[in-house]
Structures are given as structure tokens and as C-alpha cells.
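Student: I would like to go through this model with you, starting with its overall build. Could we take the topics one at a time?

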Amino acid sequence: KTASLDRDTTLTVVGVTTLSTMAMVVYPIITQWLGVDSVMAGKFIGATIHDVPQVVGAGYSLSQSAGDAATITKLMRVAFLMPVLVVISLVVRAHMAKSVGAARTVKTPLLPWFAVVFLVLMLINSTGWVPSLIQSAASDVSQAFLVLAIAGVGLKTSLQEVTQLGWRPVAMIFLVTLGLAFLSGGYLMLSN
């Protein structure tokens, strides 16, 4: 079970990072080809690209205002992860309680600990009390840990095992990315 989880995680990380990098190059070209203004282009980029660094790179490759809009839009997406996690957790708990039976209580946490720590640190940082030197150091440390985490996942799983998953998971990641682009683009075009 652990090997399967590692393989799935690696496929997701590689797939999302690859598609985000491709989108970082392609989406700015598409927004220029469509002739949308820089703020709308930034909103589209922020709403559709999965990884924050690629959002920032794609947005600021167009202009300052596109980069600002892309970054704010992406940060709003990240902020909404917490309520979505709570809803998913409540649904899973309810499902588990039904399958386990009413006699036993489900002892799963409402939120994963990393999400709670993220929320607490985000709130502390939002107060403006954290000195910029500490913010900069924390950003460097978080980037280093992210690289180590991705490297650790990569070291644990071989590409041969990932390819055994077949084309369906890859197609799903691609279709979700494409669907997100069409939904976001359509919404922004209609709302403008």
C-alpha cells in the first residue's frame, strides 16, 4: 500500500509540475493572442496554473499588473483550500462513521496538522508583526524543504513503477488542467 501511495504521489508531483511549467510558457502566449487586458490575463493565469512559482513567472512575464493579478488570484485559491479541506474531512468522517457503525466513534482529525500550522502561520504573518528578515529566512527554509520533499519522493519511487500506472492517471491530470483552463477562461470572458 505504501509503495502504491508513493508511486501515485510521484506521478502527481511530476505531472502537475510538468503541466504547470508548460502552462507558464503557453498561457501568456494564449492571453496575448486573445488580446485580453493584463489584469484579465493575470486572473486567468492565477486561476489555472497549479504551482505558485509558475503562476508568478507567467504573470510577470506579461507585465507588472498581470503578475500582481496572477499572484493575488493564486493566493486566493490557496486560501480557499482550508474551507475545502474542512468540507472534505466532514464528508469523509460521515462516510467512515456510517461504514464503521454508530457504536464506534471516528477518531480522525478534522484537518491535517500541516493545514492547521499553515493557517496559524498565515494569520501570524498577516498581522504585519513578523520582521521582513524572518519572513525572508522562512521563505528560504520553506523552499529548501519543498525541494527536499520532492527529492525524497523522487528517490523513493522509480519511474518504471510510475509508468505501470498506465495512461489513465496521466490523462486525468491533463484533462483536469485543460478543464480548469476552459472553465476559468469562459468565466472570465463572460464576466468581462
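Student: In what order do the elements run from the N terminus on?
Tutor: From the N terminus on, the order is α-α-α-α-α-α-α-α-α. The protein has 9 helices and 0 strands. Helices (H or I, at least four residues) and strands (E, at least two) are DSSP runs, numbered from the N terminus.

Student: What should I know about the source of the coordinates?
Tutor: This is a predicted model, in which local features need pLDDT of at least 70 and side-chain atom pairs count only at pLDDT 80 or more, while totals for chains, interfaces and linings use all residues. Residues are numbered from 1 along each chain as its sequence is written, and side-chain values use heavy atoms, with hydrogens and water left out.

Student: What share of the residues counts as buried?
Tutor: Of the 192 residues, 24% count as buried. Buried means under 20% relative accessible area, exposed means over 50%, and partly exposed lies in between (1.4 Å probe, protein chains only).

Student: And the contacts, how many join residues at least 24 apart?
Tutor: Among contacts between residues at least 6 apart in sequence, 72% join residues at least 24 apart. Contact means heavy atoms within 4.5 Å.

Student: Now helix packing. At what angle do H2 and H4 pack?
Tutor: Helix H2 (residues 38–48) and helix H4 (residues 64–79) pack at about 35°, and their axes are 7 Å apart. Axes are lines fitted to C-alpha atoms, for helices over the stretch in contact, and angles run from 0 to 180 degrees between N-to-C directions.

Student: Is that crossing left-handed or right-handed?
Tutor: The crossing of H2 and H4 is right-handed. A crossing is right-handed if the near helix is turned clockwise from the far one by less than a right angle, and left-handed if anticlockwise.

Student: Which residues meet there?
Tutor: On the H2 side, they include Val39, Gly42, Ile45 and Gly46. On the H4 side, Ala66, Ala69, Ala70 and Thr73 are among them. By class, the contact of H2 with H4 has 6 nonpolar, 6 polar and 3 charged residues. Here Ala, Val, Leu, Ile, Met, Phe, Trp, Tyr, Cys and Pro count as nonpolar, Asp, Glu, Lys and Arg as charged, and the others, Gly among them, as polar.

Student: How many aromatic pairs are there?
Tutor: The count comes to 2 aromatic pairs. Rings of Phe, Tyr and Trp (its six-membered ring) pair if their centres lie within 6.5 Å; planes under 30 degrees apart count as stacked, over 60 as edge-to-face and the rest as tilted. Tyrosine 27 and phenylalanine 44 form a tilted pair, with 5.2 Å centre to centre and 50° between the planes. This pair links distant parts of the chain, with tyrosine 27 in helix H1 (residues 2–34) and phenylalanine 44 in helix H2, 17 residues apart. Both tyrosine 27 and phenylalanine 44 are buried.

Student: Why is the pair of tryptophan 113 and phenylalanine 114 edge-to-face?
Tutor: The ring planes of tryptophan 113 and phenylalanine 114 stand at 85°, with the centres 6.5 Å apart, so the pair is edge-to-face. Tryptophan 113 is exposed at 67% relative accessibility, and phenylalanine 114 is exposed at 52%.

Student: Changing topic, which residues of H3 are buried?
Tutor: In helix H3 (residues 52–62), Gln54, Val55, Ala58 and Gly59 are buried. Seen down the axis of H3, the buried residues fall within an arc of 125°, so they line one face of the helix. The arc is that of the directions from the helix axis to the C-beta atoms.

Student: What does serine 20 touch?
Tutor: Not counting residues up to four places away in sequence, serine 20 touches Ile49, His50, Asp51 and Gln54. Serine 20 lies in helix H1 and is buried, with a relative accessible area of 1%.

Student: And where is serine 89?
Tutor: Serine 89 lies in helix H5 (residues 81–100). Serine 89 is buried at 11% relative accessible area, and it touches Pro109, Leu110 and Leu111, not counting residues up to four places away in sequence.
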